[in-house]
Amino acid sequence: MKILLATGNKGKIKEMNALFSDMDIEFIGTDTLKETPEVVEDGKTYHDNALKKAMTFYKIALIPTLAEDSGLEVDALHGAPGVYSARIAGEGAPDAEKVRKLLEMMKDVPDERRTARFVSVLCLVLDGKPYFFEGQVRGHITRRPSGRSGFGFDPVFVPEGYKRTFASLGQKTKNRISHRARAIEKLKEFLKERLTRS
Ligand code: IMP
């Protein structure tokens with residue numbers, strides 16, 4: 001089965017193909033399409049945004065299409081930045097700026113109240129119908145960035161049960177326990193069942 005991944009990012013396509021190498025599934029990117037529309041992620045929920053992205057590309061490609069939306073939810077900020085995580089420091093701001101903004105928003109939050117979670121929502125459109133898969137990982141936000149791997153808020157997020165940030169733990173460990181890994185695991189189960197039925 002070929003699945004269109006609603007991204008032009010070659011790294012993400014490669015990563016998905018590696019994760020599904022034990023199955024008869026090939027992910028292709030939006031660079032394979034004649035038309036690549038700009039999708040504005042203006043939904044109020046991760047589900048809205050993932051659905052909008054997946055449906056937009058499904059209507060062009062007419063093959064199974066997968067999209068993701070994700071964010072960081074800080075308990076002491078009542079779930080912010082959440083669905084606005086990518087724009088916390090304004091449209092297109094670099095990761096370091098986003099981290100700086102988050103730490104500034106949390107400067108008065110004491111250590112014991114710095115809990116947070118990452119959420120990832122995948123939307124797969126199959127035969128015109130959407131299916132959702134969600135993953136989350138709980139942890140806490142440090143006072144200073146540390147570590148070099150990953151992206152976004154990885155340098156300030158310590159997952160539960162660990163002492164170091166995602167950016168210090170490295171990609172391999174992150175890919176085992178992250179919100180995205182957990183959502184992908186559920187998608188994999190779903191597709192395994194589908195493929196054995198067809
Ligand atoms: P979007 O899913 O492209 O809308 O982006 C969500 C935003 O949430 C990213 O720009 C990051 O700031 C943050 N984010 C989501 N997942 C992760 C992660 O695995 N590590 C660090 N930051 C993340």
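Start by selecting Lys53, which is found in helix H2. Helices (H or I, at least four residues) and strands (E, at least two) are DSSP runs, numbered from the N terminus. This is a predicted model, in which local features need pLDDT of at least 70 and side-chain atom pairs count only at pLDDT 80 or more, while totals for chains, interfaces and linings use all residues. Residues are numbered from 1 along each chain as its sequence is written, and side-chain values use heavy atoms, with hydrogens and water left out.

**Stop 1**

Is Lys53 buried or exposed? Lys53 counts as buried because its relative accessibility is 11%. Buried means under 20% relative accessible area, exposed over 50%, and partly exposed in between (1.4 Å probe, protein chains only). Now show its contacts, meaning heavy atoms within 4.5 Å. Leaving out residues up to four places away in sequence, Lys53 touches Ala6, Val39, Glu41, Ala67, Glu68 and Asp69.

The expected span is 1.5 Å times one less than the number of residues in the helix. Buried residues of H2 include Tyr46, Asn49, Phe57 and Tyr58. Their cover includes strand E1 (2-5), E3, strand E4 (81-82), E5 and E6. Just after H2, look at Leu62, which takes a positive phi of about 55°.

**Stop 2: Thr30**

Go to the loop between strand E2 (26-28) and H2, where Thr30 lies. Thr30 counts as buried because its relative accessibility is 8%. Beyond residues up to four places away in sequence, Thr30 touches Leu4, Leu5, Ala6, Thr7, Gly8, Thr36 and Phe57.

**Stop 3: the largest pocket**

A pocket is defined on a 1 Å grid over the protein atoms alone, as an open set of points where a 1.4 Å probe fits, with protein on both sides within 12 Å along at least five of seven lines; lining residues have an atom within 4 Å of a point. About 1500 Å³ of space lies in the largest one. Of its 49 lining residues, select the closest to its centre: Lys12, Lys53, Glu68, Ser70 and Arg180. Which strand gives the largest share of the lining? E3 does, with seven residues.

**Stop 4: the largest nonpolar core**

Next, select Leu72 in strand E3. Leu72 is buried because its relative accessible area is 0%. Its C-alpha atom is separated by 29 Å from that of Glu26, 46 residues apart along the chain.

A nonpolar core is a set of buried Ala, Val, Leu, Ile, Met, Phe, Trp, Tyr and Cys residues joined through side-chain atoms within 4.5 Å. The largest has 20 residues, and Leu72, Val74, Leu102, Ile141, Phe153 and Phe157 touch the most other members. Strand E3 (65-74), helix H3 (95-105), strand E5 (115-126), strand E6 (129-141) and helix H4 (166-169) each supply at least two residues of this core. H3 gives the most, with three. Apart from this core lies another, of 19 residues, among them Met16, Ala183, Leu187 and Phe190.

**Last stop: helix H6**

Select H6, residues 179-197. Its 19 residues should span 27 Å at 1.5 Å a residue; the end C-alpha atoms are 28 Å apart, which agrees. Among its buried residues are His179, Arg180, Ala183, Leu187 and Phe190. The buried residues of H6 pack against E1, H1, E3, E5, E6 and H5.

Note on methods: Grid points are joined across faces, edges and corners, and a volume is the space filled by probe spheres set on the points.
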